[in-house]
Amino acid sequence: MVTEQEKLELHKYLDPRVLAKISRLDLLARLVVEGFISGLHKSPFHGFSVEFASHREYVPGDDLKHLDWKVQAKTDRLVIKQYEEETNLKSTFIVDVSESMRYKRDGKESLTKYHYACAVAASLAHLLLHQQDSCGLAVFDDALKAYVPSSSNTNQIKSICHALDVQQPKAKTAIEPILHAIAEKVSRRGMICLVSDLFPGTGPEADNHIDSLLRGLQHFRHYDHEVMVLHIMDEDELDFSFQGNTMFNGLEATGRLTIEPRSLREAYLTEVDNFCREVKRKCVANRIDYKRISTADYLDAALCSFLAARAAAARKASAKR
Amino acid sequence: MAFFHPLIFATGAAAAAAPIIIHLLNRRRFKIRDWAAMKFLLDAMRKNRRRIQIEEIILMAIRTLAILMLALAIARFTGCAALNKLTFGKGTSQTVVYVLDDSYSMGQKISGSTLFNLALTDMTEQLRKRHQVDQTERVVVLTTSRPDDPLFGPANVTEIESLINKIKALQPSDMRTSLEGSLSAARKAFEDPQAQGARKICIFSDFRRSDLDPKQTENLRLTFKSLEQIGVSTSVVNYGRPCRGTNLTMQSIELMDKSAVAGRPSRIAFTVRNNGASSSAAGPLQLSLRYPAPAGSKDKYAAMSLPSQKIPAIDPAGTHRIEYNVTPPAAGPTVLTASLEEDELSLDNSASLSLDVKDAFKVLVVDGRPDYADPLESESIFFRTVLDPNDTGDKGCKPEVITPEVLPGTRLGEYDLVALLNVAQFPPGSEEATTKVLEEYVAGGGGLMIFAGDRLNIEFYNKYLYADGSGPAPYKLLNPLTCPDKRKPWSIDASSIANDHAVRTFLGPRSALLEGIHIYTFQACDQGSAKSGTVAKAPRVLARFTDSNTSPAIIARPYGKGGVVMVMTTACPRWHDWISDPGMTYVEFVMDCLNMLVRQQREFTELVGRKIQTELADDLKDAVVTLMTPRYPKVDILNLQPVSDKDGKPILRDNKPFVQYDNPLYAGYYAMMFSLPDKTTREMFFSRNPDPVEGELAPGRPEEIQAALGSSRFEYVDRSGSSLRDMFASGEGKEYWIWAICAVLALLGVEVFLGQRFGHYTN
C-alpha cells in the first residue's frame, strides 16, 4: 500500500524539471508511471484488458466464480457475467527525432522536446507493459532510425529505452513516407501514438505539410488503428517571450531571421495557433486524437490524454459489439 | 528661433540622430538563437514586414522628436513668430534693456519735431505694447548720457503710464553718444541674478558715422561681443539722417596766450566748422563777455557784447578760424561766449571759454648788479621799464626787483616769470638749495629768463645751473668773447632766426632791423654740450650772432612744464646797443618772451562730461564749496565736499585736498563758489562745450554699424525711411521650455504606449 507521503514523493517525477535531472530513461519511465498511478483512485489493472460484456442465464456446468451474486441477491435469478476476450493491446509509439526536436529553452532544468517526447513514450510503454499489453517503438527523422516491434516481454521496456537513448536529433523531417512505412510494418490492429512537434521545413512541401501528415496518419486509420497525436511543443514556441534583437537560426536548415522578437510576437503566435488549430481540426475529422503538450507541462497531462483516448477507444469497441 | 544656450541646442539637435544611430547599431548587435518553429516566424515576418517597418519609423520619429524637445527645453527656447500667436508663452520672464541715445545730435530738427522726440514716441509705444503682452518682464531704461543711473529699473513695470510720462519728460543731453558705457551698464543689468529668461537690448540711436569709426570702437565691439556671449539679442533702431539745411558747429574756442591779464589784449581763436549740406554763407559770430563788475556795481558780474565777427561762406566739412583780441576789463573769473545763428542742430552753435583773468603778470627780476651808484647803471633798469613803463602795473605786468642775496628766501611760486640778469651766483651756502627751488619752479610751469653779463660766475653756472645738462641752463658756458674791432661789431644773424614766438619780432621785413643792433661782447658757450633728458629737453637756438662761429645768441629750452630762455648778452646796454634800436625790437622781444614763458593758465574749458576738479589752496581749505550748473535754476545749486577715501579722510592731490563734480553733462559754464568763514566769496568758472564731432550729422550705414559693433547678429530698423514695426513680433523673449518639457513627457508617453501597442515593449 502506497502512503500519502510516498504519493507526493512519486508525483514530483511528473515535473519535467525533475525529469531533466534523471538520465536513465527506464528509471524515469518507472518513476513517472508509479507516480502517476499513485495519484489515481482505483487501480488501472481492472478494466483495461478484462472488459465486462453482458449477463446470461446460468446453466449447469458454468464456473461458479463467474456467477453475479449481486444480481442473484436483487432478483433471485442466477446469471453469469460474460467478459470480452482478454487480448493484449498492441501499441506502437512513433517518436520524432528530427533536428527541430533538439530545441529546448534556456536553463539547466529544461528538457529538449526530444527528451520530453522520450519521457512520454517510455512512460506510456512502461505503463502498458506493466498491465501485460504489448508495445513497440519507431524513431524517425527523414528516415526510420529505429524500430522495435511490439511485444509484451518484460524486457521490452529496456529495448524501447535503449532505442530512444541512442538517437540524436540532427536531421530533417520526412514524416509522410515514414508513417506509410511504419503503417505497413504494424499489421495487427492496435494503437498508434505519434509523438512529434509536427514542424514542417521551409521548402515548398512545407505548405502542404498538414495534408502530408494526415495522409500518413490516415494510412494507420485505414488499417483500423486507433491513432493518437501528441504534439510536443516547447514553452518558448508557445509564448515567444524573447526580448532584444535576435537572430533566429532555423533548425533543419530552415533559414535565418534577425528581428526584434517583441514586434513579431503577436503575428508569430497567430501563425502557431492557426497551425495547431488546423492540425487538430483535420485530426478530429479523421477520428484521430490530438493533444498539444508543452514541455513545461507535467507528464500526467500526456498520460491522462493517452488513457482517456484509450478508454474512448475501448468504449467505441464495445459499442460496435 | 532664439535660444539662451544655442550651443546646447546644436548639441541636442545633433543628439536627435541618436535613435537612428542606436537603431542601426542594434541591427548589427544581436543574440543568436537556434529556432525550431522557423516556418511560423518566417510566415509572420513575410506578412508583417511592412507594418513593422512603419512602426519602427513612427517610434524612431517620436524618439527623435523627444530628444529635440529636450534640447529645446535645456537650451531654453525663447520662441518664434508662430509661437508668438499662442498665449501659453505668457508667464515666462525676460529682461529688456532699452537704451535711448540722448546725445545732442538726436536734437536734429525734422519737420517740426526732433529725432529725439521720434525716438521717445517709438520707445513708449514699444513699452506699452510689451506691457499689454507680458507684465512679468523686467525692464531697464537707460540713456547714453547717464548709463550708470538708469531712468528705470531693473524692475517689473507696474505703472506703465508713470514710466511713459517719465520718459516723455526727457530732453536730449549735451553729451556725445557713448554706446559702450550703455552696453556695459546693460550687461551689468543682465548679470543681475534676478534677470531671468530671455535677454534683449533695444538701442534707439542716430548712429552717426563719426561715432562708428572702427579705430575708436574697439571697446564697443568687446562689450557687444560679451553681450552676445551671454545670449543677449539686440535690436537696433537707427534714426540717423543727413543734414539737409544749415549746420554750423563751434568747433573750438581757445586762448592762444598762456594766460589772460586784465587790460591786456588776449588772443582768442575761434574755429567754426560747416557740418551742413551746402556752403551757404553763415551768419555773424556773436561774442559776449561776462566779467567781474567794477566795485560799487549792483551786480557782482557785468556782461558786455563784443563786436560780432563775420564768417564767410564755408565749404561743407570745411572750417574757418578767426583770431581776435579780447581785452578783459577786469581781473577775476571771466567767460567769453561765442554764438552762431540757430540752425538744424542748435546745441553746437555756441561755445564758451572760461578764464581766470589776472590783474597782472608777476615777474621777479634778480638784478646781478645791486651795488650800482646810478640807477641807470643797474642791470634791470631797462628790462623792468619794458615790463612796466609807468611803474603802476597798468600794462599788465608787475615786476619786482630783488638782489641775489634775497633770492633764497623768495617764494617763487607767486611769480609768472623769474629773470636772472647778470647774476654772478646764488649766495654762498645756498647754491644747491636755491638751484633746486628754481628747478622745481620751472619744472612746475614757471618761466625763467637768463641774461649774461660780466659778473657771471661761469664755474657756478656750469656746476649748478648747467649741471652736466640736467639743469635749466641750456649749454655749458665758456668765457665771454669781445669783438676785437669795435668798429666792426657783431650783430644777430637774420638768417638764423627760428620761427618761434619769442623771436617773432625779428621775422619777416623786420629782420632788416637786426643790422642796426651792435653786439660788442657775448657769452660764449660749448655748443656740443647740449643734452636732453626727461625734464630738461634739448635746447633750441632761436638766434645766432654774426661772429665767425655763429655762436648762439638766444636759446630756448623746455624744462618740465615750464621753459627757459637764455640771452647770451646783457639785459642792459653794457655789451650791446640793442636797447637803442629804433625798431623797438628789444621791447617786443622781452614782451614776447614774457608771453611765452609765463605760467600757463590752468584749463577751465573742456568738453561736456569731463569732470570739474579744483584743488583747495590753503586759503580755501575752510571754504564751503558750491556749484551752479548751466541749468540753474532748473537744477539746484550743488554742494561739493572735498573728495575723501572710505574712512572720510580727504584725498590729496599735489598735497592739497580737492573738490570734484563728476557729471557736468550740460553745455555752458559752471560757477564754483567758495564761501569763506570771513563771509567773503571767491569764484571760478568752468566751461563745458559740446563735443563738435557730435555735430557731424552724416548717418552711418548698416555695414558701418555692423563694423562698429563687430557683429551682424542684430535686428536692424532704419527709421529714416520706414515705420517702426513691433520689435518683439518675432516672439523672441518668451520662454517655452516648460512646454517643451511637457512635450517631451507626452512624446515619451506616446512612445511607450505605441511601443506596447506595436508589441515592441512588453506590457
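Predicted model: local features only at pLDDT ≥ 70, side-chain atom pairs only at ≥ 80, totals over all residues.
Chain B is built with 14 helices and 34 strands, and, if we take its contacts with a separation of 6 or more, 75% of them are accounted for by residues 24 or more positions apart.

Let me turn now to the interface with chain A. The size of an interface is often given as the accessible area lost when the parts come together. For chain A and chain B that area is about 3000 Å², with 65% of it on carbon and sulfur atoms. On the side of chain A, the residues that lose the most area to chain B are A:Asn245, A:Ser263 and A:Glu271, which together make up 19% of what that side buries.

As for the polar side of the interface, there are 12 residue pairs in polar contact between the two chains, counting pairs with both residues at pLDDT 80 or more. The rule also finds three salt bridges across the interface, and one of them joins B:Lys47 to A:Glu271, with the closest N and O atoms 2.6 Å apart.

Which element of chain A gives the largest share of the side that touches chain B? Helix 10 of chain A does, with eight residues. Taken by residue class, that side of chain A divides into 16 nonpolar, 12 polar and 10 charged residues.

Terms used: Residues numbered from 1 in each chain as written. Chains lettered and ligands numbered in written order. Heavy atoms only, no water. Helix = DSSP H or I, 4+ residues; strand = E, 2+ residues; numbered from the N terminus. Contact = heavy atoms within 4.5 Å. Buried area = accessible area lost by both parts, 1.4 Å probe. Salt bridge = Lys/Arg side-chain N within 4 Å of Asp/Glu carboxyl O. Polar contact = N/O pair within 3.5 Å; in protein donor to acceptor, adjacent residues only side chain to side chain. Nonpolar A, V, L, I, M, F, W, Y, C, P; charged D, E, K, R; others polar.
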